[in-house]
Amino acid sequence: MTSAHPGTLRPVTLITGAAGGIGRALAQQLSPDHDLILSGRTAGPLEALCGELGAVPLLLDLTRPDTFESAVAGLGRVTNVVHNAGVVDLGPVAAQAYDLWTHTLTVNTVAPAELTRLLLPGLRAAQGTVVFVNSGAGLRANAGWGSYAASKHALRALADALRDEEAPHGVRVTSVYPGRTATEMQRRVRTQEGGDYQPETFIQPETVAATIAFALNASRDASLTDLTVRPGPRP
């Protein structure tokens, strides 16, 4: 199953945060059947992965959405966008100043909104799919997770509004809500929590990537709006 669109052209899928974790796993799963545009902030790891998969690198600084228009101007056809990149800094509301909130909301919410806006003409033409990799924190906010959860709740609102707005144009919008996943971000979270990082106890990146790939490749008679991925039961 290679394309969510009934046309004969191969899908072109742009993935942000592609150099590690879920993004890397997704790129590796899609590469046989999708042409890939892989986005990241650091050239070295990104270019190495693009060389491995025959993908196009796209350097984006998600703290600077004002730079996106020139960065994507020459991309050409884009069928799907997967917003996978994100940042998290834990702490109580009483301890997190406005600059941290601004940084988190910019990377996790404003950047996906602006990148989507710029790519919408092509997504409409391709009747493509937009996937927002959200979080369990986008469904419920816990103590110490205020800024991150706020950004992910806002990302959910963005996805819900976009879904209704773009349905007449044939664009599908999916939100994926993974639980704790064995990535470097999760390692940093566990450090902030003062706990051990035990990747075998978490969802594996390949599992979340397979869920995203399923949404992208689903037949056009279905739109997968919200997918929650939780850790499996442990014996």
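A cavity here is a set of grid points where a 1.4 Å probe fits but cannot get out, and its lining residues have an atom within 4 Å of a point. In this predicted model, the largest cavity is lined by T16, L62, H83, A85, V107, A111, P112 and L115. The fold has an open sheet of seven strands with parallel pairing, and the largest pocket has a volume of about 1,200 Å³.

**Sheet**

- The strand order is β3-β2-β1-β4-β5-β6-β7, with the strands paired in parallel.
- β3 (56-59) and β7 (226-229) are the edge strands; each has a single partner strand, so one side of each is left without a neighbour in the sheet.
- From one strand to the next, the twist averages 15°.
- Strands of a sheet pair through backbone hydrogen bonds, either parallel or antiparallel.
- β4 (residues 80-83) and β5 (residues 129-133) are joined by four bridges in the parallel sense.
- N80 has T129 of β5 as its bridge partner, and H83 has F132 of β5.

**Strand β5**

- Five of the five residues of β5 are buried, and the strand is mostly covered.
- In a regular strand the side chains alternate between the two faces of the sheet.
- T129, V131 and V133 point one way from β5, while V130 and F132 point the other way.
- Both sets of β5 residues are buried.

**Helices against the sheet**

- Helix α2 (residues 43-53) lies across β2 (35-40) and β3, and its direction is at about 170° to β2.
- The buried residues of α1 are I22, G23, A25, L26, A27 and L30.

**Largest pocket**

- The lining of the largest pocket has 43 residues, and N84, A85, G86, M185 and R188 lie nearest the pocket centre.
- Elements giving two or more residues to this lining are α1 (21-30), β2, α4 (98-126), α5 (146-166) and α6 (184-193).
- α6 supplies the largest share of the lining of the largest pocket, with five residues.
- The lining of the largest pocket divides by class into 16 nonpolar, 19 polar and eight charged residues.

**Cavities**

- There are two cavities of 30 Å³ or more.
- The largest cavity has a volume of about 40 Å³.
- α4 gives the most to the lining of the largest cavity, contributing four residues.
- By class, six residues lining the largest cavity are nonpolar, two are polar and none is charged.
- H83, which has F132 as its bridge partner in β5, is among the residues lining the largest cavity.
- A85 is listed both in the lining of the largest cavity and among the residues nearest the centre of the largest pocket.
- The second largest cavity has a volume of about 30 Å³.
- R172, T174, A215, A218, A222, S223 and L224 line the second largest cavity.
- The lining of the second largest cavity comprises four nonpolar, two polar and one charged residues.

Key:
Residues numbered from 1 in each chain as written. Predicted model: local features only at pLDDT ≥ 70, side-chain atom pairs only at ≥ 80, totals over all residues. Heavy atoms only, no water. Pairing = 2+ DSSP bridges. Axes fitted to C-alpha atoms, helices over the stretch in contact; angles between N-to-C directions. Contact = heavy atoms within 4.5 Å. 1 Å grid on protein atoms, 1.4 Å probe; cavity = no way out; pocket = protein on both sides within 12 Å on 5 of 7 lines; lining within 4 Å. Points joined across faces, edges and corners; volume = space filled by probe spheres on them. Nonpolar A, V, L, I, M, F, W, Y, C, P; charged D, E, K, R; others polar. Buried < 20%, exposed > 50% of the residue type's maximum accessible area, 1.4 Å probe, protein only.
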